Every structure is written in structure tokens, then in C-alpha cells.
Amino acid sequence: MSNNTDSAAANTATPASAGVVLSRSGVFTGVRWGDYLGVAPFLIFAVMFLVVPTLYLVVGAFIGRDGTFTFQNIVDLGTPQIVSSFWISIRISTASALLGSLFGLLIALAIIRGRLPSAIRSTVMTFSGVASNFAGIPLAFAFLSTLGRLGLITVILKTVFGFDMYKAGFNILSFWGLTITYCYFQIPLMILIIAPAIDGLKKEWNEAAATLGATPYQFWRYVGLPILWPNLLGTISLLFANAFGAIATAYALTGSSLNIVPIVLYAQIRGDVLNNPGLGAALALGMIVITAVANVIYLVIRTRAERWLK
Amino acid sequence: MKRSKLWAWIILILGALYFLLPLVATLLFSLSIRRGTYSLDAYTNVVQAPAFQQTFTFSLVVGVATIVVGLLIVVPAAYFVRLRAPQLRPIIEFVTLLPLIIPPIILVFGYIRMYNSSSLLPLTNTALGTNILLTLAYVALALPYMYRAVDTGLRTIDVQTLTEAANILGANTLTILVRVIFPNIIVAVLSGAFLTLAIVIGEFTIASLLNRPAFGVYMQNVGANRAFEPAALAVISFVITWIAMGMIQLLARFAPKTAPRTD
Amino acid sequence: MADEFLHIENLVKSFNGNTVVKSVNLAFNKGEFVTLLGPSGCGKTTILRMVAGFERPTSGTILVEGKDISPLPPNQRKIGMVFQAYALFPNMNVEDNVGFGLKIGRVPRDEARARVEEMLKLIGLSGYGKRFPFEMSGGQQQRVALARALAPKPKMLLLDEPLSALDAKIRVSLREEIRAIQRELGITTMFVTHDQEEALSISDRIVVLNAGHVEQFGTPFEIYNRPTTRFAATFVGTLNTLAAKVIDPATKSVSIDGQIAIIPSLSSAARSGDAISLTLRPEAISLANGHARDIVLDGTVSEVAFLGAVIRLKVNLGENALHLDTFNDQHSPPPRYDEKVKITFGGSDILVLGD
């Protein structure tokens, strides 16, 4: 029925509007180069300030001191100092990604599914938008003021409760100190990303599971978490990459006492502390590979997860 | 059945403690420069320091330059991709993801290698050249946020009909962009701009490695040498971030909406 | 009474002081297919959700086989439910969706697999077990949802507008399928819809609901032909209302736009000069092509709608206008616009309604 009317409309329309169609396609062929002209600044910028500089480093990682192709720089990444810096970076990134995801998920579940007053939800979401941008120097200062040797919590615990955190082995300039600090932007990022996915969990799925005899625990075990799982996994890898590339907070917090990869690279760029420009490039390549893999995992999983939650 | 759940409140309170304690601690710490009493001395020390004023102005100027350059690059691209060259969309979207994938320290490392004094385009030779490089680096950092903001703005208006209407009235492409499209997406653009400002103003890594006298570098310096002033700086920059994000929230209420074409 | 299955007594539900279900009493027989029919906001879905256990009644009782089920949470009520938006679990394929209730109920694996197979056969989707919901059409998904609800052999089936999200054609075929499956299994079913045609075609009995109370509870035949309230009469099917004036109660004569008619069912309490309204179904009226019934009126055709098997005419009588349906007759074309016609109907076709 609708087919008939469509083709009828097309038939009558063709002769009458042929002139218009022609002139329109004329305009389009004329402007086609203009279209690319509009996109050109963007593409030129991307090539000159995103793609080529990165490739430059990637290529540089395979060029030796004598200017010839070599794998020596990659091999040299195996020195104990660099290996340990990658190891501490990976540990901090993993810990802050896992903790950030866990607590971010719990908070998101609480505000969306906990039947809290609706104002709380919008407050938390707004705060998350701000706090996820708090990474950097000021965040380090804030945590020094809180958990540093003279920080508020440290002092209160010592004077009021007689508990000295620093004597008990805690140090803000350590693995755990940095992890706790990173969670300050990791948790909000998790909340921002996972909230739409939790919204995508339809109320009817709970109800369908309930009529089929499932307890709330069984619903989450067999339905809720499996549906969120790809999103969770993807977001964890995004948070991992986010922490792995971050430097400002760590640098302001610990100076150079905690040798995470970006800080080693920072020192290398400033003063070639590794005494080998090629090795610096190889270090950069290592970072690119790790963050790129984590990001690609995120993107791939997210695209696959989207078809479920349509 | 409609009661709030106890576990939700517990998590919320724990979360609030974690997120609010550092803010409170920083505030109290910044006021404690004098023994036994609260005072604003740390703030006066910070604000009166010439270095604070100079670096803050510098970062503000770079931030504004970043927004202008960014818009000049992003708006035409987003407009043409939406209207005339949708086949370029995957490429453009991939490019806007790159700054999220490549850490800033890698970008600036690449710049230093590529645009040094012995290269074809020796931007790092002069202060002006380095400032330009810094601005372009920030454009790269802000690219994902700016593109998304502009693209969202374009999605809420009917770009195609507006363009065709202006075309029939005799406007050329530049006129359409400047006088028709831009005014309609100004709110979206502004929220992208404020986000950019929030990111750029305290940025440390790139500015430091390019040796620019930026606010982030200044803050790091103060942090290494003073005890209470860093807390005051942290409070100041939190306030700036809040203002910038608050502006975005506020702007969202004024977003114009013509009937969007569902495509 | 022996085979009474569901008994709802004085059921009331208020949300924040707003009463959406007002003292509803209903009794379903075992194996019966009962439809709750009404406009949106009439409380039909709320009643269904109270039976399912998702809403707690403000007062009143729901008895299933004589037992009060209100203390039971939804997951212990042994109820099968189908939702408007399918609500299949997107992370599971068809087999796992259908088998979900069996897994929760710890049915042995072999037995569960056989049951799933049986269910898929029942809904005509054998061989689709490995598909995922997003790979299927809406109609297929809803059939899987039906199989999932039925697999654990629930005592009762609740259908919450299961056809509303589907295309018109699939809606008709799936409703026939649902009815056939329901008959085959003999499961007591509560079906919620706002679509009167759906309700009339599928149900053993229909509950017509309006603003939280029951307007009428009866078979489709009773609801359509002998509506007891004006709401039931107008909500189900098309209804003509004619304004008339009583001339003489003794002779049961009334005036309709100046034309005299004798109404045998005219109330003896009517007095001369009273304004009354007469209500008629369109199919009760016909064109008086030589065969007049009790009442004949002159009018002018003001609309001709050719619907295929039926032609619906609108005839102006002056102040009043009537819709009437005539069957299509390929040998005689319908009257034209502005043509003068005579219409006729029987006195017993006039519906007498309380308000």
C-alpha cells in the first residue's frame, strides 16, 4: 500500500522537479572541493600536532645513536630501573582503576537504584563532572593537606585517637598514597561513564526475573552484572589508561621519589637522564602501546555493549 | 517499597566523606598559616605575588587563544561533516579520540623532537614560537571536548534546513557559518570553551616541558617551596573549576532548540 | 464457585493520596482468559501489578485458590508475566531466556532442556534457541517472552499490554497465537489492554475499567450488546447518541429533529416534554430500501467512508447526526454525498443505559 503511494509520488515528482534536481547536483559538484576545504584545517592540524609527532617518537624508538635502524632501544627498556618504573605504574594504574570502578559503580548504583531523593542524583552527577577534572597539581595539594604528614586527617588521628598513620607505615608519597589520590578523579569518571549504562537496565528486567522466581541477588548474578559487565570492563581499561598517562598529580605529590613511567619520561625529556634519546623514545613507545591497548579495549567493548542496550 | 535503601545511604555517606574531607582539609589548611588562629594570610601572600598575577594572566591568555584557534578548526569541520561530507565522519571522530589515547607527555615529547631548533619548523627557537606551540598543544588536548560540544550543538538544530534557507536567501558558505550556524550553537560552543579553560588553566606537564611561565608550573613551584600557600592555590583553582563547570550547567538551560531532524 | 481461581476483594490502591484503584471486586474462574480494558490511567495495570506483587495494595485482599497472597514477594507467587517491551534479558540467548525460570527453580538440567525445547516448539521458534534477542523481530521476541513466562509452569499468566509495541498485522496473528496457547495449557490469564477490538476478540470475559472502578464485567457479547453503563457503551465500539423530546409517554412517541418516532422501550416514568437521549450501534441502523423497521427517519448523507467490507455513512437529521454501517454490495453503489435517504432501525436496538 505504502509502496504504491511512494512510487506514484516519485513518478509524478520526477518530471516536474528534474530541473531543480539537476541544478542542485550542480551546486554540489561545485562545492565538493569547498567541503574538503572546510575540513582541511582540522585534518592538517591533526596530522601535524597529533599523528606525526606521535609517529616521530615511534620511529625514533627504532633509531640508534648512529642514526640507523635498531631494536637496541626496545631491548634497553629491560633495564631494572625502567622495568620497575613500568611495574609501579602498572600497579598504581590497576589499583586505582579497580578501586575507582568498584566505588564508582557502588555510588552510581546507590544514586540510581537506591531510591534516594532525586536531588542527590543530580548533585552527585554535577560534582562528578567537576571532580573528574580535578586531576593535576591542586589535587596533590589537597591530599597533602589531608593525608600528608601535617594533613588534617593525619593530625586528627594522632591527637584525638593517638594513632600515627605514618608510624603505622602509611605515606602519601607511596603506592597507596598515590592510588588513594588518583581515586579522587577515577571514581567520578566511573560514575559519569557507568551511570547511563545503569539507567539502561530496564526496570522490567528486575520484574521479569522476579516473576520467574529470582531473588535480587540472583537478578544481579545472572542478569544485572552480566549486562553491565562489558561496560565495567571497558571503563576499567579506560581508567587504567587515564591513570597511566597522568603525571602532574604524581609529580606535585611525590616529586621524583616515586618513579612511575611518566615521571621517568619527564626527567628524560628535561635532561636526558637515561643518556640516550632513542631510549626516551622507546619509553614513550611503551607508554603509547599500553595506553592505546587499554583504550582500544574500552572502545571495542563499548561498541559491542551498545547493541545490547539499544 | 518506596523507602530509600539503607545500603545506598551508607555508600553515599562514605563517598561524601572521601570527596568532601580533602576539600575541607585543604580549606582549613590554607587558613592555618598563623599558629592557633585562622587567617587569610596565605591567600594574600599568593595573590600579591607578582608571579601569581603574571602566570595566571599568561595561562588565561593562552586559554582564550586555545579556544579561538580550536573553534576556527573545529566548527567548520563539524559543520561540513554533518552537512556535506558524512563519509569523513569516522576519520574525524577517530582523530578526536586521539588526544584521549595519547598522554599529553607523549604529545609534548613529540613536539619537542619535531619542532626543535634544527627542524623545518623551529617553533621552539623563539618565545613567541613556543607560545604558539603551547597553544596548539592545548588545542589538541581540548579537541575531543570541543568537537563533542560543537557537534552536540549542531545536532540540536536543523543544520541542513537552516543552510538551505540561507542559501535561497543568497548567503554564501562563510556568511552561513558566521551569521546563521554559529549564533545557533553559541551555547554549546561556550560550554566547550569553559571546559577547555578549566583544563588549560592549571595544566602543568606541557607548559613545564616547553618552559613556559604558566599557572600550573607556578603552582608546582610554590608546592615545592611553601607549606600553606599551595593549599590556598588549590582552593583558588578548585573555585575556578567550579565556576567554569557551573557556567556550563547554567548555559545548558539556555540552549536553543529548533526541531531537530531525526537522522 | 468450585473452580474459582482468583478472587479480588475491595482492592484499593493510592499513590500519595491519589486513589487509582477504588474498591475493585473481581473473581476469575480457573482457566479463564480475562481482559482488563480501559483508557490509560484507569488502574488496569496497577491491578495487574498488585496481583504480580510489584505494588502493595493500600487495602483489600487478593486470594489465589483461596489463599491470601499479599505476604508473598513477587518471586514466590509462581506467576508468569509478559511485558509490553518484551523485557528479554539481552545478555542471554533464547534458550537461556526461556530456561531462566527453570534454572532459578533448580530444575534438573536434562528436564529443563526438554522443557525449553517444548516451549520453543509451542511458540513456533524451534531452532531459534541460540539467537540473541537483538537478532530477532519484535513479534519473535514477544513470543520468546511468552515462552519464558510459561516455562516454569506458573499458576497464572499476566499479560501487560503485550501487543502494543507490535505492528498491526503481527498484533493480530500473535493475539490469536496467545489465545490458542492459553487454551491448550488451560492457564488462567489476566490480560491488560486499552484496545477494545483486541479485548473483544481474545477474551472469555472482559472487565471494563474507568477511573479506578469496574464499569462492567461480562463476556464480550454482553459488553458489546448489553452495556450497562454509558462509559462501557462508548468505550467499546462506536455509539450514536440522538437527542429527542418526549411527546406523549402513553403512546411512547418522541420527536427527533421534528420527526415523530415510537420508542417501545421508553420509560414509563418519562413525561411529556422531557429531553431524552437514544443510543444506537451503527450496525443496528440500515438504509430503508423498501424494508422499514419500527422507526424510519429522513436524512441527508454528509459523509461516505468506504472501508472495504463495510461502508460507514454519516447521515444528518437536522441537529442530530448518525453513523451507520452497511455491508458493501458490489451490485449497488452506496448513496452519494448530499443524497436524501431514509434510515431505519428496530425499537429493541436502542440501548438503555444507566450513567
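Trainee: Into which domains is chain C divided?

Mentor: This is a predicted model, in which local features need pLDDT of at least 70 and side-chain atom pairs count only at pLDDT 80 or more, while totals for chains, interfaces and linings use all residues. Residues are numbered from 1 along each chain as its sequence is written, chains are lettered from A and ligands numbered from 1 in the order in which they are written, and side-chain values use heavy atoms, with hydrogens and water left out. The bounds come from an automatic or database domain assignment. For chain C they give domain 1 (4–235) and domain 2 (240–349).

Trainee: What area do domain 1 and domain 2 of chain C bury between them?

Mentor: The C-alpha centres of domain 1 and domain 2 of chain C lie 40 Å apart. Five residues of domain 1 of chain C are in contact (heavy atoms within 4.5 Å) with five residues of domain 2 of chain C. Buried area is the accessible area (1.4 Å probe) that two parts lose on being put together, summed over both. Carbon and sulfur atoms account for 24% of the total here, which is about 360 Å².

Trainee: Which residues of domain 1 of chain C lose the most area to domain 2 of chain C?

Mentor: Three residues together make up 94% of what the domain 1 side of chain C buries. They are C:Tyr224, C:Arg230 and C:Ala233.

Trainee: In chain A, which residues supply 86% of the area that domain 1 buries against domain 2?

Mentor: The assignment for chain A gives domain 1 (1–60) and domain 2 (78–306). Their contact takes four residues from domain 1 of chain A and five residues from domain 2 of chain A. The buried area is about 340 Å², with 83% from carbon and sulfur atoms. On the domain 1 side of chain A, the 86% comes from A:Leu57, A:Val58 and A:Gly60.

Trainee: What area is buried between chain B and chain A?

Mentor: The contact joins 79 residues of chain B to 77 residues of chain A. Carbon and sulfur atoms give 79% of the buried area, which is about 6,800 Å².

Trainee: Which helix gives the largest share of the side of chain B that touches chain A?

Mentor: Between chain B and chain A there are zero salt bridges and ten residue pairs in polar contact, both at pLDDT 80 or more. Helices (H or I, at least four residues) are DSSP runs, numbered from the N terminus. The largest share, 15 residues, comes from helix H1 (residues 6–30) of chain B.

Conventions. A salt bridge is a side-chain nitrogen of Lys or Arg within 4 Å of a carboxyl oxygen of Asp or Glu. A polar contact is a pair of N or O atoms within 3.5 Å; within protein, one must be able to donate a hydrogen and the other to accept it, and residues adjacent in sequence count only if both atoms are side-chain atoms. Helices (H or I, at least four residues) and strands (E, at least two) are DSSP runs, numbered from the N terminus.
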